[in-house]
Amino acid sequence: MTSSDIQEQINLKALNLLKEDADKIEKLIEVQMENLATRYCPLYEEVLDTQMYGFSRQVDYAVRVGLVQEQEGKQIISRLERNLASLYEAMNNREA
């Protein structure tokens, strides 16, 4: 196995781990969307914001050390941000 093969495996592992973490955050968003009709929880909103911030730092680190392409990292974060924006919009519409 060449060093190029090893590096490719490491990069793939890093990308897969980021995607797994993104999936966990997506599940948090889905749970809140499902429970939106029954209650609004500001604490949950803070947890999501904290998770998103921490995740964006992970992606930034992976990009900076060359484990993940910048475009791939941006795509993962962008998808999560869109889902989070949908949640906030639904919460705001619920309050109105």
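The accessible surface of the protein amounts to about 6700 Å², and carbon and sulfur atoms contribute 50% of this area. Accessible areas were computed by the Shrake-Rupley method with a 1.4 Å probe, and for residues only the protein chains shown count as cover. The model is a predicted one, in which local features need pLDDT of at least 70 and side-chain atom pairs count only at pLDDT 80 or more, while totals for chains, interfaces and linings use all residues. Residues are numbered from 1 along each chain as its sequence is written, and side-chain values use heavy atoms, with hydrogens and water left out.

The secondary structure consists of three helices and zero strands, arranged along the sequence in the pattern α-α-α. Helices (H or I, at least four residues) and strands (E, at least two) are DSSP runs, numbered from the N terminus. Helix α1 has 33 residues and should span 48 Å at 1.5 Å a residue, which agrees with the 48 Å between its end C-alpha atoms. The expected span is here 1.5 Å times one less than the number of residues in the helix.

Of the 96 residues in the protein, 25% are buried. A residue is termed buried under 20% relative accessible area, exposed over 50%, and partly exposed in between (1.4 Å probe, protein chains only). Contacts, defined by heavy atoms within 4.5 Å, were also examined by their separation in sequence. Among contacts with a separation of 6 or more, 75% involve residues 24 or more positions apart.

The largest nonpolar core holds 18 residues, of which Leu18 and Phe55 touch the most other members. Helices α1 (3-35), α2 (42-64) and α3 (70-95) each supply at least two residues of this core. A nonpolar core is a set of buried Ala, Val, Leu, Ile, Met, Phe, Trp, Tyr and Cys residues joined through side-chain atoms within 4.5 Å. With neighbours within four places in sequence left aside, Leu18 is in contact with Phe55, Gln58, Val59, Ala62, Val68 and Ile76.

Leu18 is one of the buried residues of α1, which also include Ala14, Leu15, Ala22, Ile25 and Ile29. Glu26 and Gln32 are buried in this helix as well. Glu26 has a relative accessible area of 14% and is therefore buried. Beyond four places in sequence, the contacts of Glu26 are with Arg79, Leu80 and Asn83. For Gln32, the relative accessible area is 2%. The C-alpha atoms of Gln32 and Tyr44 are 7.6 Å apart in space, although the two residues are twelve residues apart in sequence.

On the surface, Met1, Ile6 and Ile10 form a nonpolar patch with about 320 Å² of accessible area together. Patches comprise residues with over 30% relative accessible area and no salt bridge, with like charges joined within 9 Å and nonpolar side chains (Val, Leu, Ile, Met, Phe, Trp, Tyr) within 5 Å. Met1 lies in the segment before α1 and counts as exposed, at 71% relative accessibility.

Five salt bridges are present in the structure. A salt bridge is a side-chain nitrogen of Lys or Arg within 4 Å of a carboxyl oxygen of Asp or Glu. Side chains of opposite charge can pair when their charged atoms come close.

One of the salt bridges joins the side chains of Asp23 and Arg79, at 3.9 Å from N to O. Asp23 belongs to helix α1 and Arg79 to helix α3, so this pair ties together parts that are 56 residues apart in sequence. Asp23 is partly exposed at 38% relative accessibility, and Arg79 is partly exposed with a relative accessible area of 30%.

Within helix α2, Arg57 forms a salt bridge with Asp60, and their closest N and O atoms are 2.9 Å apart. Arg57 and Asp60 are three residues apart, a separation of about one helical turn. Both are partly exposed, with Arg57 at 40% relative accessibility and Asp60 at a relative accessible area of 26%.

A further salt bridge links Lys74 and Glu70, with 3.3 Å between the closest N and O atoms. Lys74 and Glu70 lie four residues apart in helix α3, again about one helical turn. Lys74 is partly exposed, with a relative accessible area of 48%, and Glu70 is partly exposed at 46% relative accessibility.
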